[in-house]
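Please look at the sequence and the structure first.

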Amino acid sequence: MPVLRLDRMLSSQGIAARKEIKELISKGLVTVNGGHVRNPSLKIDTDRDTVCVNGVPVKYREHVYIMMNKPAGVISASDDPREKTVIDLLPPKLKRPGLFPAGRLDRDTEGFLLITDDGTFAHNILSPRKHVSKQYYVVIDSPLTPEEIERFENGLVIDGGITCLPAKLRVLEGGVSSGGARVMVTIHEGKYHQIKRMFKALGHEVIYLKRTAMGGLHLDDSLKPGEARELTDEEKELIVKS
Ligand code: URA
């Protein structure tokens, strides 16, 4: 039963900036349980009170969990003075303070990026000890040998002498016109540039990389690159139940 000041509660939900919220309240555009209020510091019980702005109820959520189909060309950061970030791509209705990408995809990597304002959840899914799986669709420049696939599955040693946890690799039917290969790879950790480094260690170059699942949750393929939507509670749980 969180109890919050009315203006804080509204700004935490991304309704508007604190200053604009104060104006909305002073203009009488905010109601609490049907009555107009003019006191921004009024205490709101987020479980019991119904707050409306311009007649539209505000459904309070402590945290949000957003799936984005990240396009190539944007960076996985909350803000940047020069570059376009994944947060810049969110539509206004999904924006709220404190959002950040839980884990990074390289600028040229596409696919499933989780954006949240819940630091504890992000920490849990990113911690190598939790072993939340991440699945990638990868196009590489040259075919793999059975021995190389085995090395992937036995725990590949990459640059710097780092041994990766065993990964699953499945070669997809139909090659690529360049003579390379299309594969699905599942890893249980998230080292910096891990997929590219794993293939590089075997002498292959990654031409295209897309994350297709986190834990038991697959990228919603109705999301076009750059689009995002909130996860349901069940979908959020699927990420940790891989
Ligand atoms: N591995 C990479 O090399 N890059 C990514 O963006 C994600 C995983």
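## Position of the ligand

The ligand lies between domain 2 (65-128 + 220-239) and domain 3 (133-214), because both domains give residues to the shell around the ligand. The model shown here is predicted.

The space that the ligand takes up is the largest pocket.

## Domains of the chain

The domain assignment divides the chain into domain 1 (3-57), domain 2 (65-128 + 220-239) and domain 3 (133-214).

## Residues around the ligand

The shell around the ligand consists of Leu105, Asp106, Thr109, Tyr136, His193, Gln194, Ile195, Lys196 and Leu209. Sorted by class, four of these residues are nonpolar, three are polar and two are charged.

Helix H5 (residues 194-201) supplies the largest share of the shell, with three residues.

A polar backbone atom of aspartate 106 is 2.7 Å from an oxygen atom of the ligand. For lysine 196, a polar backbone atom is 3.0 Å from a ligand oxygen atom. At isoleucine 195, the ligand atom is a nitrogen, 3.1 Å from a polar backbone atom of this residue.

On its own, the ligand has 240 Å² of accessible area, and the protein covers 95% of that area.

Definitions and conventions: Residues numbered from 1 in each chain as written. Predicted model: local features only at pLDDT ≥ 70, side-chain atom pairs only at ≥ 80, totals over all residues. Heavy atoms only, no water. Domains from an automatic or database assignment. Near = heavy atom within 4 Å. Polar contact = N/O pair within 3.5 Å; in protein donor to acceptor, adjacent residues only side chain to side chain. Areas by Shrake-Rupley, 256 points an atom, 1.4 Å probe, with all protein chains shown as cover. 1 Å grid on protein atoms, 1.4 Å probe; cavity = no way out; pocket = protein on both sides within 12 Å on 5 of 7 lines; lining within 4 Å. Sits in = over half its atoms within 2 Å of the grid points. Helix = DSSP H or I, 4+ residues; strand = E, 2+ residues; numbered from the N terminus. Nonpolar A, V, L, I, M, F, W, Y, C, P; charged D, E, K, R; others polar.
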